2 protein chains.
Amino acid sequence: MNQYKIPEGFRFAAMDAGIASGERLDLALAVADTPSPAALVTTTNKVIASCVALNRSHMRSNDGLVRAILVNAGCANACTGEQGDADALRCAEILAGLLDCPVEQILVFSTGVIGKPLPMDRFEAGIPKLHAALSRIPENVEAWAKAILTTDLVTKIQERQIGTGTLLGIAKGSGMIHPNMATMLGFLFGDAELPLELGVLLQAALARSFHLISVDGDTSTNDSLLLWSSAKQNLGDSGDEAAWIEALHDCSRELAKSIVRDGEGAKKLLRVEARGAATGHQAQVAARTIASSLLVRTAVAGEDANWGRILAAAGRSGAEIDTRKAKVGIGEAVLFSDDQPHAAAEAAATEHLRGDEVLLWCDLGCGQESAEYWTCDLTEGYIRINADYRT
Amino acid sequence: MNQYKIPEGFRFAAMDAGIASGERLDLALAVADTPSPAALVTTTNKVIASCVALNRSHMRSNDGLVRAILVNAGCANACTGEQGDADALRCAEILAGLLDCPVEQILVFSTGVIGKPLPMDRFEAGIPKLHAALSRIPENVEAWAKAILTTDLVTKIQERQIGTGTLLGIAKGSGMIHPNMATMLGFLFGDAELPLELGVLLQAALARSFHLISVDGDTSTNDSLLLWSSAKQNLGDSGDEAAWIEALHDCSRELAKSIVRDGEGAKKLLRVEARGAATGHQAQVAARTIASSLLVRTAVAGEDANWGRILAAAGRSGAEIDTRKAKVGIGEAVLFSDDQPHAAAEAAATEHLRGDEVLLWCDLGCGQESAEYWTCDLTEGYIRINADYRT
């Protein structure tokens with residue numbers, strides 16, 4: 001992972017500022033050399049963290065230009081009242097002072113426990129040190145990706161080259177994962193000058209990636225996804241626009257999948273496909289319902305080819321389904337079709353379930369539309385992690 | 001539990017017919033002395049078991065009069081094609097022959113694994129034996145309640161006296177539990193002659209009981225709830241109509257709660273209250289979303305007063321919420337109000353969480369409406385049970 005390029009115009013730093021418990025990196029700073037175009041999508045939860053409120057306000061008044069972002073793990077700064085709002089603003093002010101830029105060009109992101117105030121002394125002491133440590137070495141990017149994690153087991157970094165240009169994606173998330181919106185923190189750093197609005201590009205990428213994943217159906221108070229480009233490279237140098245958009249989608253998709261793969265307690269990545277739907281929307285609804293079913297996900301954890309649960313989930317999804325024409329399969333094995341179970345196919349399905357990546361599919365027998373969705377198996381590990389999260 | 005009365009006009013029998021694996025009761029028969037008024041509600045899942053299809057058809061053509069019901073555990077007879085339909089009908093036909101009644105007056109219920117055909121030889125041999133064993137002794141009712149269980153740990157029986165009349169409720173369910181519809185099998189036997197339509201009475205009771213519970217968000221292909229009255233007692237003898245309806249609601253409510261209390265892997269019964277909502281519907285949506293949150297339910301399993309998850313769940317429910325006025329509590333402890341966490345209240349909340357019955361509440365700060373919902377904590381036991389269900 002040490003071979004990747006870093007998009008032009010950005011510098012990174014991370015440190016253990018003593019915010020999260022234990023010895024671990026927990027504060028990360030990324031700075032653009034000049035104020036650079038950015039688009040931000042935030043949680044649809046009506047209860048939002050102070051940082052989300054601040055960032056929304058800043059994005060309304062900074063003409064879409066961002067100079068720096070600060071991310072901390074260990075404390076979500078959500079449900080912390082006016083003190084939380086003041087603390088988030090204070091973090092931005094410290095940085096704006098160091099960078100000599102308008103405070104509106106600073107965004108702050110927090111992730112961790114709800115209802116705990118930010119330990120502001122740690123921020124006051126840490127931010128200047130972070131600022132002094134900014135650099136473009138890959139080690140700093142890797143440390144940055146570590147510093148934003150909570151219950152994640154692995155860092156999530158994706159990098160793509162488009163001509164001479166570079167796109168770098170970093171994300172965190174392994175619980176409280178459900179679409180609308182991205183249900184995690186995600187940062188996409190690019191250096192291409194783009195003809196389309198970043199917000200449009202970001203929404204299109206979201207629809208094909210972070211909106212298609214679920215770990216537990218919960219969306220957090222802090223979810224945010226940022227697309228940020230230094231615009232140092234024009235597309236003549238960095239390949240054409242289509243290639244760049246393709247890279248953005250691919251990068252988002254792989255980050256989204258890596259979040260699911262790292263789902264709390266997860267041992268397997270599940271791809272769920274709904275096929276043969278009457279409409280695209282119905283395909284999505286069916287795929288999401290199957291992927292969100294605890295019974296389906298626990299069966300996969302138990303490597304049990306319990307196709308009846310897949311069909312039952314499709315049946316309660318609200319999508320039209322013709323049970324006489326429906327089919328259900330795991331991997332290449334067709335377990336139900338022509339209104340009949342196929343017990344002989346279960347051995348192949350069980351073999352497929354033993355792998356790390358599992359495909360579950362259901363053909364609704366009503367049309368030509370299809371959709372996919374990603375989730376992970378639901379194991380006892382998920383329960384352990386979330387029962388003991390704060391202790 | 002041996003002291004209860006049995007509603008007039010019904011007889012019961014149960015046996016080990018060799019349908020479910022292991023030595024256990026798995027086939028149950030209840031017969032009314034004469035064709036008796038009944039109302040049936042069945043699953044909203046679009047994939048339905050053959051027995052559900054048969055019962056719906058019978059209830060359309062039997063003038064609401066039912067003579068007997070047959071219930072088996074171990075095999076859901078769902079997704080079993082035309083053979084499944086033929087098997088369900090054959091069970092009804094055997095019984096109709098023994099009772100010398102129209103086949104439409106027979107209802108059949110199945111619960112268990114999806115996609116497995118009914119072992120018809122066991123039904124052919126068992127049904128006549130069951131018919132011969134019918135009686136009104138409490139032991140038979142208790143055996144009946146046992147014979148309909150699957151992953152349930154305990155039987156679910158409720159009995160109420162209204163004047164000289166009796167209402168007896170028996171249910172099964174501990175997984176695949178979510179409202180719309182009752183997400184389990186439930187049978188309410190009464191002996192009062194009622195002025196209102198049974199269907200109206202049943203829907204009203206449902207709205208206040210089985211529609212307010214969730215174990216895992218899954219609704220099965222076989223869920224059914226039956227209200228059945230021999231009409232032997234007129235209300236002059238058995239108390240007034242209001243008392244009877246109150247008993248029906250109470251009985252349904254206690255059965256619903258007993259299902260949740262017996263939720264797969266559950267150690268605690270959770271009552272979730274949404275208060276201060278702008279509308280009754282929003283109160284319901286918020287209560288249901290909190291009760292369905294895996295993060296809330298795992299926190300309760302860990303006896304962690306993680307009120308932030310309650311507020312975050314309310315925030316994503318879609319209900320209007322004023323975070324500045326919202327309050328969150330566990331038991332009597334107020335953990336968040338006036339836009340501030342109250343760390344000092346956490347000890348009392350944690351103490352409350354150690355109990356078997358837990359109250360979680362959220363005041364949305366937007367109005368006067370409230371709603372409650374019941375669920376259970378989500379433990380590693382749920383995962384174990386459902387990962388290994390078929391093995």
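Predicted model: local features only at pLDDT ≥ 70, side-chain atom pairs only at ≥ 80, totals over all residues.

Biologist: What rotation and shift superpose chain A on chain B?
Modeller: The general idea is that two copies of a chain are related by a rotation about an axis and a shift along it. Copies are superposed by least squares on the C-alpha atoms of residues with pLDDT of at least 70 in both. Here a rotation of 180 degrees, with 0.0 Å of shift along its axis, places chain A on chain B at RMSD 0.0 Å. That is how a two-fold axis relates copies. Among the residues of chain A, E380(A) comes closest to the rotation axis, its C-alpha lying at 2.4 Å. Both copies use the same surface, as 100% of the contact residues of chain A recur in chain B; contact means heavy atoms within 4.5 Å.

Biologist: At what angle do helix α1 and helix α2 of chain A pack?
Modeller: Helices (H or I, at least four residues) and strands (E, at least two) are DSSP runs, numbered from the N terminus. Axes are lines fitted to C-alpha atoms, for helices over the stretch in contact, and angles run from 0 to 180 degrees between N-to-C directions. In chain A, α1 (residues 50-61) and α2 (residues 81-99) pack at about 55 degrees, their axes 8 Å apart. α1(A) is therefore oblique to α2(A); angles under 35 degrees count as roughly parallel, over 145 as roughly antiparallel, 65 to 115 as roughly perpendicular and the rest as oblique.

Biologist: Which residues of α1(A) and α2(A) make the contact?
Modeller: S50(A), C51(A), L54(A) and H58(A) come from α1(A), while α2(A) supplies G81(A), G84(A), D85(A), A88(A), L89(A) and A92(A). By class there are 5 nonpolar, 4 polar and 1 charged residues. Ala, Val, Leu, Ile, Met, Phe, Trp, Tyr, Cys and Pro count as nonpolar, Asp, Glu, Lys and Arg as charged, and the others, Gly among them, as polar.

Biologist: How do α9(A) and α10(A) cross?
Modeller: The axes of α9(A) (residues 294-301) and α10(A) come within 9 Å and cross at roughly 160 degrees. α9(A) is therefore roughly antiparallel to α10(A). L295(A), V296(A), T298(A) and A299(A) of α9(A) meet R309(A), I310(A) and A313(A) of α10(A). These residues divide into 5 nonpolar, 1 polar and 1 charged.

Biologist: How many aromatic pairs does the structure hold?
Modeller: Rings of Phe, Tyr and Trp (its six-membered ring) pair if their centres lie within 6.5 Å; planes under 30 degrees apart count as stacked, over 60 as edge-to-face and the rest as tilted. Over all chains there are 18 aromatic pairs. One of them, W307(A) with F336(A), is stacked, at 5.1 Å centre to centre and 20 degrees between the planes. W307(A) lies in helix α10 (residues 307-316) of chain A and F336(A) in strand β11 (residues 333-337) of chain A, so the pair ties together parts 29 residues apart in sequence.

Technical notes:
Residues numbered from 1 in each chain as written. Chains lettered and ligands numbered in written order. Heavy atoms only, no water.
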